[in-house]
Amino acid sequence: VRGIVPDHPSLKHYRKLDKEFKRTMRVVPQDLYSSDQSIDAVLDFVRIIDYKNLQAVVIENADLADTFRQIFEMLWGRV
């Protein structure tokens, strides 16, 4: 799993476990990304989660998931 996560003290514990759980995370300043919402692009669906309002939606569409992965790859290369 790869992801972009904010640099926040509450997440330090998770960063210590990243290697054990085979996660590769890029840490960015919290003012760039708060992580109140999350977008996960999996093989054939996109999951959007709003943690602040406890809402989520899953869109089962492989083409849309591919588009989100392309956007992620562009951003991953710049962070």
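**Strand pairs and a loop aspartate**

I began at the hairpin of S4 and S5, where four residues lie between the strands and Leu 54 takes a positive phi near 50°. I am working from a predicted model, in which local features need pLDDT of at least 70, side-chain atom pairs count only at pLDDT 80 or more, and totals for chains, interfaces and linings use all residues. Residues are numbered from 1 along each chain as its sequence is written, and side-chain values use heavy atoms, with hydrogens and water left out.

For elements I used DSSP runs: helices (H or I, at least four residues) and strands (E, at least two), numbered from the N terminus. Strands pair if DSSP finds at least two bridges between them.

I checked how S4 joins S5 (residues 55-59): the two run antiparallel, with five bridges. Ile 49 stands opposite Ala 56 in S5.

Next I looked at the other hairpin, S3 with S4, which has four residues between the strands. S3 (residues 37-41) and S4 (residues 46-50) run antiparallel and are joined by five bridges. Here Gln 37 faces Asp 50 in S4.

Then I turned to Asp 18. I found Asp 18 in the loop between helix H1 (12-17) and strand S2 (24-29). Is Asp 18 buried or exposed? Asp 18 counts as buried because its relative accessibility is 8%, and buried means under 20% relative accessible area, exposed over 50%, partly exposed in between (1.4 Å probe, protein chains only).

I listed its contacts (heavy atoms within 4.5 Å). Leaving out residues up to four places away in sequence, Asp 18 touches Arg 23 and Met 25.
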